[in-house]
Amino acid sequence: MADYHYDVIVLGTGPSGEGAAMNAAKKGKKVAVIEEADVVGGSCTHWGTIPSKALRHSVKQIISYNTNPMFRDIGEPRWFSFPRVLKTAERVIAKQVKLRTEFYSRNRIHLYHGRGQFIDTHTIEILDGPASSTRLHAEQIVVATGSTPFRPPNVDFNHERVYDSDTILKLEHTPRTMIIYGAGVIGSEYASIFSGLGVKVDLINPGERLLPFLDDEISDALSYHLRNNGVLIRHNEVYDSVDTDEFSVTMNFQSGKKIKADALLWAAGRSGNTIDLGLEHVGVEPNSRGQIEVDQNYKASADHVYAVGDVVGWPSLASAAYDQGRSAAAHLAGDDDYWFVTDVPTGIYTIPEISSVGKTERELTDEKVPYEVGQAFFKSIARAQITGEDVGMLKILFHRESLEILGIHCFGDQASEIIHIGQAIMKQEGAGNTVRYFVNNTFNYPTMAEAYRIAALNGLNRVS
């Protein structure tokens with residue numbers, strides 16, 4: 001059995017593992033990374049963020065093709081199969097893998113493929129894969145193993161018509177009808193994607209409203225546009241059992257209702273990848289969802305073990321995971337440039353997309369903060385009229401007296417890009433983070449960024 005010694009071992013090559021490995025290497029540490037899959041990138045690259053967003057982009061193009069009069073005059077709207085659309089995502093994934101593999105080589109990080117498991121407090125053994133029977137020793141270990149879709153035991157995920165958010169990318173046909181159980185971020189995104197392909201979607205929400213962490217107005221807008229695109233949203237419905245046959249899937253609910261469809265996409269929660277990781281050998285005990293509890297430095301209960309990314313739970317975003325990994329590496333290297341990742345902007349890639357940062361109206365009301373609202377509707381913005389993407393709005397929440405920006409919420413095309421302009425101003429210190437910035441500075445015209453000036457003027461008119 002081969003034995004090798006390192007300063008740091010990182011388990012996983014998703015955004016959090018990559019962030020930890022790269023930052024540790026740049027701080028002079030000798031780093032080894034273990035990846036169970038044949039290629040790097042983790043769930044983000046292969047089953048989550050990258051393929052679903054590439055898929056969404058293709059579906060948006062199809063929607064434009066089928067609804068834009070410039071194209072419709074040429075011929076009748078065309079139908080596109082799911083497997084055909086998925087090919088775009090496959091090309092993007094290949095580019096991402098090549099790029100990220102080069103990162104490890106360039107930073108002289110040793111990459112091992114196989115399943116890693118703790119043998120003792122400072123030793124990881126690779127149990128299978130190309131590097132099987134190899135033992136790695138390190139002073140510090142970073143667990144960045146990510147998460148997988150939660151699978152209840154009474155749902156047959158081996159059935160050819162039952163999918164989760166990972167296996168849906170292996171769908172080889174385009175169903176006419178689909179049940180999506182779980183109306184969180186993943187469920188809402190896939191409801192947009194499949195309805196855009198002409199699939200009749202039943203979106204089942206066990207809760208009372210879609211994405212309740214969002215500003216109420218934005219959540220309501222999402223509900224409206226999903227319904228407008230043919231999605232049937234069913235709130236307060238909890239499944240009881242799932243029946244399958246050769247041709248269909250039937251979901252039975254505790255309310256007594258039944259829904260039958262060609263396929264089921266289960267999108268209700270994820271679990272941390274900690275099974276068979278050997279954490280008991282280092283005194284770390286995951287919770288019931290397989291997640292590892294960490295402190296403000298991303299250290300687990302074992303002093304030399306860090307955990308980052310989806311395996312620690314909230315916020316379970318690729319953007320935050322990368323920063324968590326970098327922060328953990330800074331702390332283990334003894335540098336003071338580490339931080340606990342908070343105030344993370346939300347990016348939800350429905351059609352249209354959603355992004356927000358800061359407080360919602362509900363939160364400010366509950367906290368009795370005197371705030372005002374500035375709004376800009378995309379239908380009145382020249383750039384949106386030119387592109388035909390005129391659905392949506394930008395909303396700025398600011399303090400009535402100090403004019404400090406408290407929250408920014410955007411719904412519509414490029415929302416996840418637009419939000420960062422406001423985020424940058426919010427982070428300024430002193431008087432630089434007020435809504436007046438947007439009226440005292442000139443914006444290019446026509447641009448979507450101009451929405452900030454319009455929203456700021458709208459809000460200031462309410463307090464003048």
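A: **One residue and its surroundings**

I218 has a relative accessibility of 2%, so this residue counts as buried, the cut-off being under 20%. Keep in mind that the model you are looking at is a predicted one.

Let's begin with where to find this residue. I218 sits in helix α7. Leaving out residues up to four places away in sequence, I218 touches I354, H409, C410 and F411. Where do these partners lead us? Strand β19 covers residues 354–358 and strand β22 covers residues 405–412; the two run antiparallel and are joined by five bridges. One example you can look for is S356, whose bridge partner in β22 is H409. H409 is also on the list of residues that I218 touches.

Now step back to view the sheet around these strands. Five strands form an open sheet in the order β18-β19-β22-β21-β20, with antiparallel pairing. At its edges are β18 (346–348) and β20 (371–377), each of which pairs on one side only. From one strand to the next, the twist averages 10 degrees. Helix α11 lies across β19, β21 (392–399) and β22, and runs at about 170 degrees to β22.

Helices α7 and α11 also bring us to a pocket. The second largest pocket has a volume of about 990 Å³. It is lined by 33 residues, and the closest to its centre are K60, I63, S64, I351 and E389. Which elements give two or more residues to this lining? They are α3, α4 (69–72), α6, α7 (216–228) and α11 (415–426). Of these, α3 gives the most, with eight residues.

Two of those helices, α3 and α6, take us on to another helix, α5. The buried residues of α5 pack against α1 (15–26), β2 (31–35), α2 (42–46), α3 (49–67) and α6 (185–196). Those buried residues are F82, V85, L86, A89, I93, Q96, V97 and Y104. Helix α5 spans residues 82–106, 25 residues in total, and reaches 37 Å from its first C-alpha to its last, close to the 36 Å expected at 1.5 Å a residue. Just after α5, R108 takes a positive phi of about 55 degrees. For a sense of distance, compare I218 with A94: they are 124 residues apart in sequence and 35 Å apart in space, C-alpha to C-alpha.

Strand β10 (residues 200–205) pairs with β11 in the parallel sense over four bridges, and the bridge partner of D202 is L232 in β11.

Technical notes
Residues numbered from 1 in each chain as written. Predicted model: local features only at pLDDT ≥ 70, side-chain atom pairs only at ≥ 80, totals over all residues. Heavy atoms only, no water. Expected span 1.5 Å × (residues − 1). Buried < 20%, exposed > 50% of the residue type's maximum accessible area, 1.4 Å probe, protein only. Contact = heavy atoms within 4.5 Å. Pairing = 2+ DSSP bridges. 1 Å grid on protein atoms, 1.4 Å probe; cavity = no way out; pocket = protein on both sides within 12 Å on 5 of 7 lines; lining within 4 Å. Points joined across faces, edges and corners; volume = space filled by probe spheres on them. Axes fitted to C-alpha atoms, helices over the stretch in contact; angles between N-to-C directions.
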